[in-house]
Amino acid sequence: GKTYLAEKLLSSCPGWNVIVAGASRLKGKNVIHCSIMKEIVAAAKSTEKVAVLIDDLDYVMEKKDCEYVLADKKELMELLEELKVRTDAFLIVTVNNVCLDPELFDRFDYRLEAGLPSDSEKRRFLSGMYSSFVPAGLLEKVAAQSIGYNFRDLAEVTRVAYRFGNSAVTDTSISKALASYRPGGLRGFDVHRNTSFRFSDLVGNQHIKGKLNRLISASKNSGLATELGLKRHNMLIFTGPNGTGKTAMAKAFAGELNYPLISIDADMLYSSMGAYLSLKRIFKVASRYRE
């Protein structure tokens with residue numbers, strides 16, 4: 001809801017000129033649309049009583065090797081310096097993953113982090129949008145099974161279910177939509193959901209399967225595990241030569257647990273973002289799922 005909040009804020013400023021760049025489609029007689037940083041800076045300098053909205057920096061600033069190019073960073077710095085001292089201007093920026101240099105990021109006066117909706121918020125949103133033609137029980141299913149989805153994802157997966165159901169939302173069409181739709185924030189990651197791959201599909205490594213089955217039993221029967229004093233093990237490392245089934249075993253393990261598996265190319269750890277920021281982003285993506 002970052003874009004929605006920004007646009008609502010701007011609509012409460014009648015008489016202001018508004019410069020918009022990026023994903024927002026805000027309209028109005030006082031709205032100026034720009035496409036690149038150089039245009040935004042020039043328009044901001046020549047306009048009085050102005051509000052600037054950059055809706056997702058990735059739409060406006062060019063990237064190379066996961067980092068914004070120097071020319072655009074300089075333009076953004078110039079914009080920040082220009083607007084920071086003015087009494088008739090303010091700047092709103094939305095961004096999905098913060099990858100700004102600290103000297104740029106720290107120049108923003110307020111940093112507001114929008115979180116993903118809770119199950120109750122998802123139910124309220126879906127009921128307000130679709131209760132007239134989707135039964136409450138089916139909306140409850142979408143809310144419960146759409147872990148890691150934002151509001152836009154909820155609307156889109158419901159539309160996908162409508163198409164799968166031939167202009168009707170059914171239990172089957174929702175299941176198909178949830179299995180096929182990938183949330184926007186998870187694009188770029190290889191996410192395996194509802195995989196049917198199991199230990200029975202693997203040949204060999206029986207001793208490893210036995211160890212993993214004990215972990216699965218402890219996970220699925222948490223009450224019994226607590227009663228028996230069994231420790232839950234969340235961190236596993238599979239070692240061995242190439243082609244011995246490490247990746248397949250990980251997929252089967254996720255399948256047995258019925259957990260989604262987020263597969264990440266190790267090259268991400270060596271991007272220009274640095275290992276720390278890369279890991280931080282990976283763990284933030286993983287935290288979208290409770291299991």
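A: Contact here means heavy atoms within 4.5 Å, and helices (H or I, at least four residues) and strands (E, at least two) are DSSP runs, numbered from the N terminus. It's a predicted model, where local features need pLDDT of at least 70, side-chain atom pairs count only at pLDDT 80 or more, and totals for chains, interfaces and linings use all residues. Residues are numbered from 1 along each chain as its sequence is written, and side-chain values use heavy atoms, with hydrogens and water left out.

Q: OK, what do the buried residues of α9 pack against?
A: They pack against α7 (136-145) and α8 (151-164).

Q: And which residues of α9 are buried?
A: In α9 (residues 171-180) they are S173, I174, A177 and L178. Buried means under 20% relative accessible area, with a 1.4 Å probe and protein chains only.

Q: Where do they sit around the helix?
A: Looking down the axis of α9, they fall within an arc of 130°, so they line one face. The arc is that of the directions from the helix axis to the C-beta atoms.

Q: Switching topic: where is D56?
A: D56 is in the loop between β3 (50-55) and α3 (57-60). Its phi is near 80°, a positive value in a residue other than glycine.

Q: Is D56 buried or exposed?
A: D56 is buried, at a relative accessible area of 10%.

Q: What about the phi of N258?
A: N258 isn't a glycine, yet has a positive phi of about 60°. N258 lies in the loop between α12 (246-257) and β8 (261-263).

Technical notes. Buried means under 20% relative accessible area, exposed over 50%, partly exposed in between (1.4 Å probe, protein chains only).
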